[in-house]
Amino acid sequence: MKRILYELIESVRIAMAQIRANKMRSALTALGVVIGIVAVTLMGTAIAGINIGFDRSLAMLGEDVLYVDKWPWTGAEDWWNYANRPSLRPEDAVKLNRIIAASPDSQLAFAVFADGRSASIKSNGNSVSGVWTQGTGAAYGRILTADFTEGRLFNETEDESARQVVVLGYDVAQALFPGRSPLGATVTIHGQPFQVVGVLARQGSFLGLFSFDNQMVLPLGAYRKYFGVRDDYAEIQVKIKDKTRLDEAREELTGFMRRVRGQIPGERDNFNINGGAIFKEKLDPIKRGIAFAGLFVTGLSLFVGAIGIMNITFVSVRERTKEIGTRKALGARRRTVLLQFLIEAVSICVLGGAVGLGFTYILFAVVRGAMPSFPIEFSPLLVVVSMLVSIATGILSGIIPAWGASRLDPVVALRYE
Amino acid sequence: MSPPAPVEARPVRPVGPLVIAIEGVTKLYQMGEETIHALRGVSLEIRRNEYLAIMGPSGSGKSTLMNMLGCLDTPTAGKYEFNGHDVAGMVDDELAEIRNREIGFVFQTFNLLPRSDALRNVELPLIYGGVPTHERHERARQTLIDVGLGNRIHHKPNELSGGQRQRVAIARALVNRPSIILADEPTGNLDSKTGVEILALFNDLYEKGNTLIVVTHEESVARHARRIIRLHDGLIESDGPAY
């Protein structure tokens, strides 16, 4: 046992001496591994980032909220099947709430209608256009996942009386009132004065596509007064009681909506139930596919690096054949010689891996510094995994030449010039 | 090459117990279509504290016999016992073990590790023998002092003269206190003066009770031994005292 330890220490020492003695060669060989590890770890960082960004985005939708829409979020292949569906109306929400109230065992808590469109907002000469403007009820406050930096959502009275009040998204508030509190100020939407009653905390964007901070929320009555009824983006948001029983709630909601719509059995649903978890189900296989393909392609570059290591280990064995003979004459066993060359290959790989990981970290830090919201993630797990991958690469690429070296006939090896 | 050494009667020490017993050993090599009979039936006994020279022209089987004695190779047929152990049937790692414990090699080209200092080189057999670090250093250092290199312990081979390198190699051969020291043309890469010094060191080691086997083609080297075996065409031609 002790002997193995001494041999191991000796092997590491020889490997280090060998790498030092052949700096250029070792560096170039390690470069292959550096590039491979950088590619793989960057891909790992990106995949982890995508996952985190995705989860963060889905959390914004609320884990316990289902959305009844005309369209499925995940895209409709045959849009004409959906285009003729009836739009969602506020009355649908009212009917739905009535059914929910009549079913005490229901998994559904309540429904709230929301309509939306893009609009511009002005204040004191500042103006922001393309703001996602939502008209909804006071109950929306119980669905909203974001916090308020200041103020509140409009209350029931303001809602029912269609008061001209507004809640601003973080970015909208920042753009119109830089360094000031907008609370109580009057802004102009669609030529009409609205009073700011609340500002939402920063939420970020949904999958980098749609910013939750670039929005404003009005009471539905006020919204409809000025924007009319187009209802293309109208939806009913339904809060559920237990987010672990999402499937049950979804089925229940489908049944309730069919009753609301008066659909007869056998008829296809003329609405879609959407939600974060449903979205996730649809996107997970795609995400896994991207991760697999990405890791495979970047893994190829690591494979090329491994071939470089294998080549250099073959050269190293060839060059030191006589030394192997001498060591064997002095009592080195097969295992000893095998370990020596294996450790040499692994050392180069681990050095390359560490440098590669360093590069990845620098790139990560630069990207993080430049674009804080860009979803990438550099985790301790990534460090552990990539070091393990480096060691495995070293073993795989070193094993064949090292095995050959260990089986050299000492007589032949000693005679080798 | 070397000047003819003066022939003088050297004291022959009483021999000890049997170390090597070889009986009817043959060795065949396959060279393409051709089978080469390197050894055609060699029998030989070597006892503790002998100083033996093996001579013969190239192709005589001298190198093959040396590899056999050094447990680097096994015979095709015949018996080989080393301190009572049957070497003929040993596998690679068992041979490595016996080489490590029982045999000290001295090569014509020294075969030192170029990037390791003298101490490291001498320590090598002890590392393979599993000797603890502290004892390893101490023994290697002491052996280097014994061969007269006490002040060169941390020199690398390229900082040493040829004679000094061969002394490091001899220290490496001695450090594990082997049963035999096997030297292959130990003076072949040295000038004659240094060669004589190395042979004097060998004589010294012999006087101290070591068993030496020197393989050479030079009479002047062989004459330092106490017994000479001459090989010809894979057979022992003569085996007797050096003078």
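The model is predicted: local features need pLDDT of at least 70, side-chain atom pairs count only at pLDDT 80 or more, and totals for chains, interfaces and linings use all residues. Residues are numbered from 1 along each chain as its sequence is written, chains are lettered from A and ligands numbered from 1 in the order in which they are written, and side-chain values use heavy atoms, without hydrogens and water.

Of the 243 residues of chain B, 54% count as buried (under 20% relative accessible area, 1.4 Å probe, protein chains only; exposed is over 50%, partly exposed in between). The C-alpha trace spans about 50 × 45 × 40 Å along its principal axes. Among contacts (heavy atoms within 4.5 Å) between residues at least 6 apart in sequence, 70% join residues at least 24 apart.

Chain B holds seven helices and ten strands. These are DSSP runs numbered from the N terminus: helices are H or I with at least four residues, strands E with at least two. Six strands of chain B form an open, mixed sheet in the order S6-S7-S8-S3-S9-S10; strands pair if DSSP finds at least two bridges between them. The edge strands are S6 (103-106) and S10 (235-241) of chain B, each pairing on one side only.

Strand S9 (residues 227-232) of chain B runs antiparallel to S10(B), joined by six bridges. His232(B) stands opposite Leu235(B) in S10(B).
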